[in-house]
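Subject: Structure for your review

Dear colleague,

Please find below the structure that I am handing over to you. My findings follow it, and I would ask you to read them with the model open.

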Amino acid sequence: MSVAGCAQGAVHAETPAAPPSSVSASPSSPSPSPSPVPSSETPPPPPPPPPVVKPTPCTISDGACIQLSTNKSWIVRGDKIVHGPNPITHGRKGFETPLGNFPVLRKVKDEWSRPYNAPMPWSTYFTESGIAFHEGELDVPSHGCIHLDPAAAQFYFTNLAIGETVQVVS
């Protein structure tokens, strides 16, 4: 492969030096330039196009994508990111956020967690066991839910429809 400005893979022809001339050339007569040596090698074929890379680690084309290992989430439409990456926190040890594909089940704007006695604004539920996207602290792991900053939680609540897919990957 030849890269502009690099010598890697480029073909260079050596031109022998002309013997010294005893006749001095007049200033008005141009000296002949050496002719390039033709190459019998064919140039290498162009490199293959880069592989198509999805914009998120998920396989879904529409819905919400959550990647636990990077603490990021996105909303995608037609394989294009429409929101994100958004920072998240997820389930702590013993309260792990489940992996898989889930439908959005219900949404509650001003939810309150009875088990944990805590507010859960902009809750978008996607499991029967009560796992949801909602506004929450981004520096403290949750009890399984996906914490988002206030603006992202409201965006997810407003833009994810009931039945739409939420995919959680490691």
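A residue is called buried when its relative accessible area is under 20%, and exposed when that value is over 50%. Please bear in mind throughout that this is a predicted model.

I begin with the chain as a whole. It has 170 residues, of which 29% count as buried. The chain contains 1 helix and 9 strands, and from the N terminus on these elements follow the order β-β-β-β-β-β-β-β-α-β. Among contacts between residues at least 6 apart in sequence, 52% join residues at least 24 apart.

An open sheet is formed by 5 strands, arranged in the order 3-2-1-9-4, with mixed pairing. Strand 3 (80-87) and strand 4 (100-103) are at the edges, and each has a single partner strand, so one side of each lacks a neighbour in the sheet. On average, neighbouring strands of this sheet are turned by 20° against each other, direction ignored. Helix 1 (residues 150-159) packs on the sheet and touches strand 1, strand 2 and strand 3; the direction of helix 1 makes about 145° with that of strand 3.

Within the sheet, strand 1 (residues 63-67) and strand 2 (residues 72-77) run antiparallel and are joined by 5 bridges. To find one of these pairings on the screen, look for Gly-63, whose bridge partner in strand 2 is Val-76.

The cysteines deserve a separate look. The structure holds 1 disulfide, which is formed by Cys-58 and Cys-65, with their sulfur atoms 2.1 Å apart. Both Cys-58 and Cys-65 are buried. Is their disulfide right-handed or left-handed? The torsion about the S-S bond of Cys-58 and Cys-65 is about 80°, so the disulfide is right-handed. Cys-145 has a relative accessibility of 10% and therefore counts as buried.

With kind regards

Methods
Residues numbered from 1 in each chain as written. Predicted model: local features only at pLDDT ≥ 70, side-chain atom pairs only at ≥ 80, totals over all residues. Heavy atoms only, no water. Pairing = 2+ DSSP bridges. Helix = DSSP H or I, 4+ residues; strand = E, 2+ residues; numbered from the N terminus. Axes fitted to C-alpha atoms, helices over the stretch in contact; angles between N-to-C directions. Contact = heavy atoms within 4.5 Å. Disulfide = S-S within 2.5 Å. Buried < 20%, exposed > 50% of the residue type's maximum accessible area, 1.4 Å probe, protein only.
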